Amino acid sequence: MTATRTPVNPWSWSLGYGFNQAELVESASRLLVLSGQGPAAADGTPQYAGDLPAQVSLCLDNIETVLTEAGMMLRNVVRINVFTTDVDAMMGSWGDLAKRFALAGVQPTSTLVGVTRLAFPEMMVEIEATAVD
């Protein structure tokens, strides 16, 4: 049985940023909770030091790899938590992140959190995700 997703948006401002205020998920048969995915190569080596847009793209690539391994796709993501060392730069890259999800046909809920440091000093962003089907 495929889960049904109903956007819940008492305010519409978030739609311009590519996310819903909430999503009601009903009849989900599987729940996948991903650890934070950073801009790392398959061996765990951080990539693209100082290039936030490239780091965001690689984080999303890594999320898609984990999803594929679990038999899911980006369209199954219902929530992301974005941790960044530079909130202003991340807001500048948010459109690319939102576009990637829009191409998958979803607007997952999201939270953006500014932090002083991530696991490796060269990492500027890490993204957690929750997916259902």
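Helices and strands here are DSSP runs, numbered from the N terminus. With that in hand, welcome to a tour of a predicted model, one close-up at a time.

Figure 1. Trp13 sits in the loop that joins strand S1 (4-8) to strand S2 (22-26). With a relative accessible area of 52%, Trp13 is exposed, because the cut-off for that word is over 50%. Trp13 also belongs to a nonpolar surface patch of about 550 Å², which Trp13 makes together with Trp11, Tyr17, Val87 and Met91.

**Figure 2. The open sheet, strand by strand.** Four strands form an open sheet in the order S3-S6-S4-S5, and their pairing is mixed. S3 and strand S5 (109-114) are the edge strands; each has a single partner strand, so one side of each has no neighbour in the sheet. From one strand to the next, the twist averages 10 degrees.

**Figure 3. Strand S6 and its two partners.** How many of the 8 residues of strand S6 (residues 125-132) are buried? The count is 6, so this strand is mostly covered. Strand S3 (residues 31-37) pairs with S6 in the antiparallel sense over 5 bridges.

Figure 4. Helix H1 (residues 52-69) lies across S3, S4 and S6, and runs at about 30 degrees to S6. Helix H2 (residues 87-103) packs on the sheet too, where it touches S4, S5 and S6; the direction of H2 makes about 160 degrees with that of S4.

Figure 5. Ser110 is a residue of strand S5. Is Ser110 buried or exposed? Its relative accessibility is 15%, so Ser110 counts as buried. Once neighbours within four places in sequence are set aside, Ser110 is in contact with Phe19, Arg79, Ile80 and Trp94.

**Figure 6. Salt bridges joining separate parts of the chain.** The whole structure holds 4 salt bridges. In one of them Glu23 pairs with Arg5, and their closest N and O atoms are 2.8 Å apart. Because Glu23 is in strand S2 and Arg5 in strand S1, this pair ties together parts that are 18 residues apart in sequence. Glu23 counts as buried at 15% relative accessibility, whereas Arg5, at 24%, is partly exposed. Asp133 and Arg30 form another salt bridge, with 3.0 Å between the closest N and O atoms. Asp133 is in the segment after S6 and Arg30 in the loop between S2 and S3, so the parts tied together are 103 residues apart in sequence. Asp133 counts as buried at 19% relative accessibility, and Arg30 is partly exposed at 36%.

**Figure 7. A salt-bridge network around Arg100.** Asp61 and Arg100 form a salt bridge in which the closest N and O atoms are 2.4 Å apart. Asp61 lies in helix H1 and Arg100 in helix H2, 39 residues apart, and the pair links distant parts of the chain. Glu64 joins Asp61 and Arg100 in a network of salt bridges. Asp61 itself is partly exposed, with a relative accessible area of 33%.

Definitions and conventions: Residues numbered from 1 in each chain as written. Predicted model: local features only at pLDDT ≥ 70, side-chain atom pairs only at ≥ 80, totals over all residues. Heavy atoms only, no water. Patch = residues over 30% accessible without salt bridge, like charges linked within 9 Å, V, L, I, M, F, W, Y side chains within 5 Å. Areas by Shrake-Rupley, 256 points an atom, 1.4 Å probe, with all protein chains shown as cover. Salt bridge = Lys/Arg side-chain N within 4 Å of Asp/Glu carboxyl O. Helix = DSSP H or I, 4+ residues; strand = E, 2+ residues; numbered from the N terminus. Buried < 20%, exposed > 50% of the residue type's maximum accessible area, 1.4 Å probe, protein only. Pairing = 2+ DSSP bridges. Axes fitted to C-alpha atoms, helices over the stretch in contact; angles between N-to-C directions. Contact = heavy atoms within 4.5 Å.
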